[in-house]
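Subject: A structure for you to look at

Hi,

Here is the structure I promised to pass on to you. Have it open while you read, and I will walk you through what turned up.

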Amino acid sequence: MIHKSIQDVLNTQINLEQYSAQLYLAMSAHCETKSFRGFAHWLRMQAQEETAHAMKLVAFVLDRGGRLELKSIDAPPTEFGSITQVFEKILEHEQRITTSINALFERSRQEKDYASEITLQWYVTEQVEEEANVGQILDQLRAVGEKGGGIWYLDSKMGKRGKS
Ligand code: FEO
């Protein structure tokens with residue numbers, strides 16, 4: 001049986017992952033309205049990935065005999081500015097998620113909840129990858145700027161995610 005305090009923070013993390021999916025879907029729509037269909041595609045896939053992150057935690061809570069307590073998901077903004085600003089916001093958001101995952105991991109250690117600790121290890125590693133990927137895209141966006149043809153090349157590259 002899962003400890004109540006761990007169950008509560010896992011339920012909060014599920015909500016955070018679901019909010020991430022909402023946020024990225026809203027960002028995808030924002031990019032699409034600017035005709036950046038590649039960035040929009042990448043973000044839509046990212047939204048699906050966030051839903052998968054939430055589902056993995058849902059399965060874990062239930063497998064441990066815990067209680068799933070779903071909460072309301074906050075509405076994301078609808079305006080995000082330039083593409084570079086979109087990715088700056090994504091990086092900030094992922095850094096917040098990393099802080100939250102690390103706190104959860106620490107809490108599992110304090111409670112000697114080894115099963116949670118092992119499950120959360122996957123999320124710790126995933127966050128390293130998430131931040132690295134977004135940081136790299138941001139570097140590329142800053143290098144090409146948004147005025148020339150470079151951004152359209154990046155857009156076509158982003159559109160290939162999951163297709164090769
Ligand atoms: Fe599930 Fe991007 O953190």
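To begin with a loop: between which two helices does Leu 68 lie? Leu 68 is in the loop that runs between helix 2 (37-63) and helix 3 (83-110). Please keep in mind that this is a predicted model. Leu 68 has a relative accessibility of 30%, so it counts as partly exposed. Together with Leu 62 and Leu 70, Leu 68 makes a nonpolar surface patch of about 270 Å².

Just after helix 2 you will find Gly 65, which takes a positive phi of about 75°.

Now for the inside. In soluble globular proteins, nonpolar side chains tend to be buried together. The largest nonpolar core here has 25 residues. Those with the most contacts inside this core are Met 27, Phe 39, Leu 43, Ile 83, Phe 87, Ile 90 and Leu 141. Two or more residues come from each of helix 1 (4-33), helix 2, helix 3, helix 4 (114-144) and helix 5 (150-158). Helix 1 gives the most to this core, with six residues.

Leaving aside its neighbours within four places in sequence, Phe 39 is in contact with Cys 31, Ile 83, Phe 87, Leu 141, Ile 151, Leu 154, Asp 155 and Met 158.

Beyond its neighbours within four places in sequence, His 30 is in contact with Thr 78, Glu 79, Phe 80, Gly 81 and Val 86.

One last stop is Gly 145, in the loop between helix 4 and helix 5. Gly 145 counts as partly exposed because its relative accessibility is 23%. Gly 145 and Thr 84 are 61 residues apart along the chain, and their C-alpha atoms are separated by 8.3 Å.

Enjoy exploring!

Best wishes

Note on methods:
Residues are numbered from 1 along each chain as its sequence is written. This is a predicted model: local features need pLDDT of at least 70, side-chain atom pairs count only at pLDDT 80 or more; totals for chains, interfaces and linings use all residues. Side-chain values use heavy atoms; hydrogens and water are left out. Patches are made of residues with over 30% relative accessible area and no salt bridge: like charges are joined within 9 Å, nonpolar side chains (Val, Leu, Ile, Met, Phe, Trp, Tyr) within 5 Å. Accessible areas come from the Shrake-Rupley method with a 1.4 Å probe; for residues, only the protein chains shown count as cover. A salt bridge is a side-chain nitrogen of Lys or Arg within 4 Å of a carboxyl oxygen of Asp or Glu. Helices (H or I, at least four residues) and strands (E, at least two) are DSSP runs, numbered from the N terminus. Buried means under 20% relative accessible area, exposed over 50%, partly exposed in between (1.4 Å probe, protein chains only). A nonpolar core is a set of buried Ala, Val, Leu, Ile, Met, Phe, Trp, Tyr and Cys residues joined through side-chain atoms within 4.5 Å. Contact means heavy atoms within 4.5 Å.
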